[in-house]
Amino acid sequence: KLKHKLERHDAEPEPSELLDSTSAVSVLAGCRAEITSIDREVESKPKRGGKHHYTVFVIHCTGTTGNEWTIKRRFRQFRDFRERLMRHGAPQLKDIRFPRKKVRNGKQGTDMERLPVLQSWLNLVISVFSSQLDVAPFIAHFLDAEQRQKSTGVMKVGEIGEPVDAS
C-alpha cells in the first residue's frame, strides 16, 4: 500500500483526486507537519532482477482537531511538489531556499543535510500558501490531508452524500 502512496504522488494528480479549493483551505487550517525521521526503503526491480534502495522522509502531520497521521515522501516527490505549486499559482517559491539534488563538487546531497531545509520549506508552504485557493488542493494532496475528511466531514469535488472514507 505504501508503494502505491509513493507512486501516486509522482504524477500530476487528477482533478478527481483533489479536494475542492475551499475544502482544501479548511482542511489545512492549522495543519502542522514535522519531518520526524528518515527511513530506507527497498523496491524490487523485476526486470533487472534486483532491488533498489531509496530514502524516504517520514512526516508526522497534525490537524486542528488533534487527529494525526504519518506519511512518507521521497526527495523527488518534494521536488515534484514544489514544481507543481510553482506551475499552479505559487511562482514565488522559485526564490525560496530548497535543497539541491547535488551539492558542492557535484556530490549527491545527503538526506541529513536536506532535512532541516526541507522542514523549513514545508513549514513555509503550509503557513503561507495553504490559504491560497489555487494551490491549497495540491498541498492537501501532498500531505494526504484528505485523511482528515473522516473527522471533519469534508467532501471531495463532485461527490454527494457520505464523507469519503480516508482509510
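The structure is a predicted model, in which local features need pLDDT of at least 70 and side-chain atom pairs count only at pLDDT 80 or more, while totals for chains, interfaces and linings use all residues. Residues are numbered from 1 along each chain as its sequence is written, and side-chain values use heavy atoms, with hydrogens and water left out.

The chain has six helices and three strands. These are DSSP runs numbered from the N terminus, with at least four residues (H or I) for a helix and at least two (E) for a strand. From the N terminus, the order is α-α-β-β-β-α-α-α-α. Of the 167 residues in the chain, 43% are buried. Buried means under 20% relative accessible area, exposed over 50%, and partly exposed in between (1.4 Å probe, protein chains only).

H4 has 19 residues. Its C-alpha span, first to last, is 25 Å, close to the expected 27 Å. The expected value is 1.5 Å times one less than the number of residues. Among the buried residues of H4 are Asp111, Arg114, Trp121, Leu122 and Phe129.

The largest nonpolar core has 35 residues. Such a core is a set of buried Ala, Val, Leu, Ile, Met, Phe, Trp, Tyr and Cys residues joined through side-chain atoms within 4.5 Å. The residues with the most contacts inside this core are Phe78, Leu85, Trp121, Leu122, Ile139 and Leu143. H4 supplies the largest share, seven residues.

Trp121 touches Phe78, Phe81, Arg82, Leu85, Leu93, Ile96, Arg97 and Phe98, not counting residues up to four places away in sequence. Arg82 lies in H3 (residues 75-87). Arg82 is buried yet has no salt bridge. A salt bridge needs a side-chain nitrogen of Lys or Arg within 4 Å of a carboxyl oxygen of Asp or Glu. Lys and Arg count as positive and Asp and Glu as negative; His and the chain ends are not counted.

S2 and S3 pair in the antiparallel sense over six bridges. Pairing requires at least two DSSP bridges between the strands. Thr62 has Glu68 of S3 as its bridge partner. Five residues separate the strands in this hairpin, where Gly66 takes a positive phi near 90°. S3 has a covered face of Trp69, Ile71 and Arg73. Its uncovered face holds Glu68, Thr70 and Lys72.

Methods
Contact = heavy atoms within 4.5 Å.
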